[in-house]
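Here are a few notes to read alongside the model. Have the structure open while you go through them.

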Amino acid sequence: MRFARSKRLLRLKTIDSCFEELKDSRLVEDTFTVDEVREMLDGLQMVVRGEVEMELINTAHTNVLLLRQIFSQAEKFYLRLQSDISELENRELLEQVAEFEKTDFKITNKINQETSKPKLAPLNEGGVSELLNKEIAKLQEENDKLKSRLRTLESQAMSALDEKTKAERALKDLQRTQGEQKLSAQTKEINSLEDTVAALKEDYERSLSANAASQKDLKENLITAKHDLLRVQEQLALAEKELEKKFQQTAAYRNMKEILTKKNEQIKEIRKRLQKYEPDD
């Protein structure tokens, strides 16, 4: 109440100063036109409106902060506060608050003895307090159980993490071993392939050498065969000549030759005779 009263008085002084400023700055002449009066009132309206609006906004925000502090303190004692908005417009209660303000602020020079922020007083021991204590004990017990459960889960998580690390290490070792075995197998396979390629290359070179030697032998054999063929042809020609010579020296050949000679002479004689009987043309 004191805080709201001080803020309200400060804002009223500000509004009063707006009017005083208007009087001192504009009301310097004896007569004013309607437009001038309207202009002055419009300007004053804007200033007063801004001040009042700012005060209302500030009051609403201040009430929100005050309620927030109260609710925050209530949460520490596990209290559930409820508010009835309809009671805020209860005229009877508002009048009681106004009367309280009047009686409380009669002595204007009262010294504020509060040295710290007000807080909710502890609840007296009773039925509600006992229920709250039981609820707090129950919540504390549940909290302890949750903490124990959390420690168990953390231990299990650490164990699972260790097992995961061991499994990852074992997997890496297995992969490394498999990689080495695979590399060794690949090396053996490569060496085997290199040996096979070398053997094939050697066989190919041997085959080439053998083919070259075979070609050389074939060429020599061909040349020898050609020589033999020429020799045989020459011998055959000589044999034919000798055979012809021997045939010419035989009696049959001589008789046949004499017969052919006589036949040729007879043919010549017959032609001569025929020419005698042929026409002159």
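This is a predicted model: local features need pLDDT of at least 70, side-chain atom pairs count only at pLDDT 80 or more; totals for chains, interfaces and linings use all residues.

1. Numbering starts from 1 along each chain as its sequence is written, and side-chain values use heavy atoms, with hydrogens and water left out.

2. Have a look at Arg11, which sits in helix H1, residues 2-26 (helices are DSSP runs of H or I, at least four residues, numbered from the N terminus). Arg11 has a relative accessible area of 17%, so it is buried (under 20% relative accessible area, 1.4 Å probe, protein chains only). Leaving aside residues up to four places away in sequence, Arg11 touches Glu51, Met54 and Glu55 (contact means heavy atoms within 4.5 Å).

3. H1 itself has 25 residues and reaches 36 Å from first C-alpha to last, close to the 36 Å expected at 1.5 Å a residue (the expected span being 1.5 Å times one less than the number of residues).

4. Which residues of H1 are buried? They are Arg11, Ile15, Cys18 and Leu22, and they pack against helix H2 (34-76).

5. The H1 and H2 axes are 11 Å apart, at an angle of about 170° (lines fitted to C-alpha atoms over the stretch in contact, angles from 0 to 180 degrees between N-to-C directions). That makes the two helices roughly antiparallel (over 145 degrees).

Terms used:
Buried means under 20% relative accessible area, exposed over 50%, partly exposed in between (1.4 Å probe, protein chains only). Angles under 35 degrees count as roughly parallel, over 145 as roughly antiparallel, 65 to 115 as roughly perpendicular and the rest as oblique.
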